[in-house]
Amino acid sequence: MASIELDGKKYELPVIVGTEGEKAIDITSLRDNSGYITLDDGYSNTGSCISNITFIDGEEGILRYRGIPIEQLADNSTFIETAYLLIWGKLPTKQELADFSALLTKNEMLHEDMKFHYEGFPTHAHPMAILSSMINAAGCFIPEVLEPNELFVIQAARLMSQVRTIAAFSYRKTLGLPIIYPKPSYKYTANFLHMMFSEPYQDYDVIPEVVRALDLIFLLHADHEQNCSTATVRMVASSQANLFASAAAGVCALWGPRHGGANQAVLEMLGQIHKSGDNGSKFLEQTKDKHSGKRLMGFGHRVYKHYDPRATIIKKKCDELLAVLKKKDPLLDIAKRLEEAALSDPFFIERKLYPNVDFYSGIIMRAIGIPLNMFTVMFAIGRMPGWIANFKEIMDNPEGRISRPRQVYNGPTENNYIPLEMRG
Ligand code: ACO
């Protein structure tokens with residue numbers, strides 16, 4: 001029990017301890033009993049839910065999906081197997097995995113009429129805007145799939161599979177290229193690359209190392225507990241909005257440069273540094289001045305106050321892939337120089353700013369040929385299982401309530417309406 005004294009009166013509040021020893025003070029009854037609420041701008045100290053999906057220890061640099069360390073999944077699993085783990089809470093048997101794969105294949109095609117929606121977007125539309133709109137639209141095309149009695153597994157498979165088709169189609173559309181339909185014989189990630197890069201007259205050469213690298217990027221992004229976009233998905237789902245609407249909202253929340261948009265911002269930053277002839281040191285100095293409006297993108301994290309474990313994995317994969325593709329990338333050299341300099345700079349050390357997953361993922365995507373404005377879309381494809389798992393957790397909770405925070409009002413106190421002719 002915790003106790004708090006307010007206006008001379010003592011209130012007892014239950015303490016909740018999670019399976020990994022995380023402690024929380026349950027304030028559910030605080031306002032009813034005392035009239036007080038808590039205020040926590042940015043939610044750094046507020047647990048919005050009890051969840052069984054993902055565990056992060058930001059101080060120790062630990063990330064586990066359903067208890068399994070991210071390093072083990074990165075070494076041994078695939079994105080689809082990991083998606084199953086996240087959504088259904090256990091690793092699938094061979095049969096379960098085969099069934100889920102088959103369901104993904106069965107649901108990979110968009111309704112033909114959805115193609116007309118693409119015509120409505122200007123060619124310069126950001127693919128994240130298209131993705132969010134089209135995910136919501138996909139829900140309208142098959143209304144029966146959203147009926148509460150429809151099997152959730154079909155909804156989940158449809159969303160996971162179609163998000164990849166929508167993303168590839170939007171890329172082709174923005175370049176004025178013909179749409180490439182999915183190939184049922186390909187696995188999830190190879191199929192995505194095929195839809196992105198094949199031509200009607202020539203199939204894309206699917207290189208296993210490239211497939212593995214992109215699959216790893218998806219897997220590493222698959223969930224990350226209550227971040228901005230996942231919290232958004234849960235918030236929307238709490239109103240009992242459907243899975244597609246909730247995921248579309250997640251895409252919008254992910255878009256910003258302080259969240260999923262950071263991978264695009266990192267590459268833009270590295271490109272600008274390269275173009276200016278700076279070796280990174282001038283730019284690094286600017287990021288330390290708050291008034292410069294610049295940050296070292298791909299550095300820092302709300303939760304990790306140590307190395308982001310995903311960054312370690314991705315950095316290694318980045319080196320391996322560039323070696324296989326026999327590519328040298330000057331931006332990778334700048335990234336490594338920046339990282340080295342920042343990690344020994346007191347400004348970054350004092351604020352516990354370390355590279356996050358986005359610092360190196362963009363270099364891999366660039367090497368694969370994925371255009372810059374599609375980087376955040378890759379993040380969204382990867383995060384889909386996490387959003388689905390969190391949506392399911394909300395829907396499976398019979399005691400769940402609508403998310404509705406309070407506020408401390410600080411505007412004008414009561415005053416009277418002044419008729420227009422009497423206003424000065
Ligand atoms: N470069 C320079 N300074 C930074 C950076 C950075 N990347 N990140 C934080 N700081 C500084 C802040 O200026 C602040 O300094 P102060 O203590 O002197 O005021 C201090 O570090 C704390 O920063 P906050 O913004 O309060 O930290 P917060 O936890 O709110 O933000 C965030 C975390 C948004 C990730 C931030 O570190 C950032 O903007 N990083 C760059 C963008 C990025 O890489 N985002 C990806 C996040 S990971 C993901 O979504 C997959």
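This is a predicted model: local features need pLDDT of at least 70, side-chain atom pairs count only at pLDDT 80 or more; totals for chains, interfaces and linings use all residues.
Salt bridges are considered at the outset. The structure holds 19 of them. In one, the side chains of Glu 20 and Arg 64 meet at 2.8 Å, taken from N to O. Glu 20 is placed in the loop between β3 (15–17) and β4, whereas Arg 64 belongs to strand β6 (residues 62–65), so this pair ties together parts that are 44 residues apart in sequence. Glu 20 has a relative accessibility of 43% and therefore counts as partly exposed.

Another salt bridge is formed between the side chains of Lys 336 and Asp 319, with an N to O distance of 2.8 Å. Because Lys 336 lies in helix α15 (residues 330–343) and Asp 319 in helix α14, the contact ties together parts that are 17 residues apart in sequence. Lys 336 is partly exposed, at 31% relative accessibility, and Asp 319 is likewise partly exposed, at 34%.

The side chains of Asp 215 and Arg 212 meet at 3.7 Å, N to O. Both residues lie in helix α9 (residues 208–220), where they are three residues apart, or about one turn of the helix. The two partners fall into separate accessibility classes. Asp 215, with 10% relative accessibility, is buried, since the buried class covers residues under 20%. Arg 212, by contrast, has a relative accessible area of 25% and is partly exposed.

Glu 108 is located in the loop between α4 (94–106) and α5 (114–119). Its relative accessibility is 5%, so Glu 108 counts as buried. The side chain of Glu 108 is joined to that of Arg 164 by a polar contact of 3.5 Å. Asn 263 is part of helix α12 (residues 262–276). With a relative accessibility of 0%, Asn 263 is buried. The side chain of Asn 263 reaches the backbone oxygen of Phe 375 at a distance of 3.1 Å.

Arg 295 is exposed, its relative accessible area being 54%. One of its members, Ile 27, is situated in the loop between β4 (23–25) and α1 (30–34). At a relative accessibility of 35%, Ile 27 counts as partly exposed.

Backbone geometry was considered at two loop residues with positive phi. For Asp 7, phi is near 50°, a positive value in a residue other than glycine. Asp 7 occupies the loop between β1 (2–6) and β2 (9–13). Its relative accessibility of 69% places Asp 7 in the exposed class. Glu 225 also has a positive phi, of about 40°, although this residue is not a glycine. Glu 225 is found in the loop between α9 and α10 (228–237). With 23% relative accessibility, Glu 225 counts as partly exposed.

A further loop position is that of Asp 203, which lies between α8 (188–197) and α9. Asp 203 is partly exposed, at 42% relative accessibility. The C-alpha atoms of Asp 203 and Ile 180 are separated by 9.9 Å, the two residues being 23 residues apart along the chain.

Conventions
Residues are numbered from 1 along each chain as its sequence is written. Side-chain values use heavy atoms; hydrogens and water are left out. Buried means under 20% relative accessible area, exposed over 50%, partly exposed in between (1.4 Å probe, protein chains only). Helices (H or I, at least four residues) and strands (E, at least two) are DSSP runs, numbered from the N terminus. A polar contact is a pair of N or O atoms within 3.5 Å; within protein, one must be able to donate a hydrogen and the other to accept it, and residues adjacent in sequence count only if both atoms are side-chain atoms. A salt bridge is a side-chain nitrogen of Lys or Arg within 4 Å of a carboxyl oxygen of Asp or Glu.
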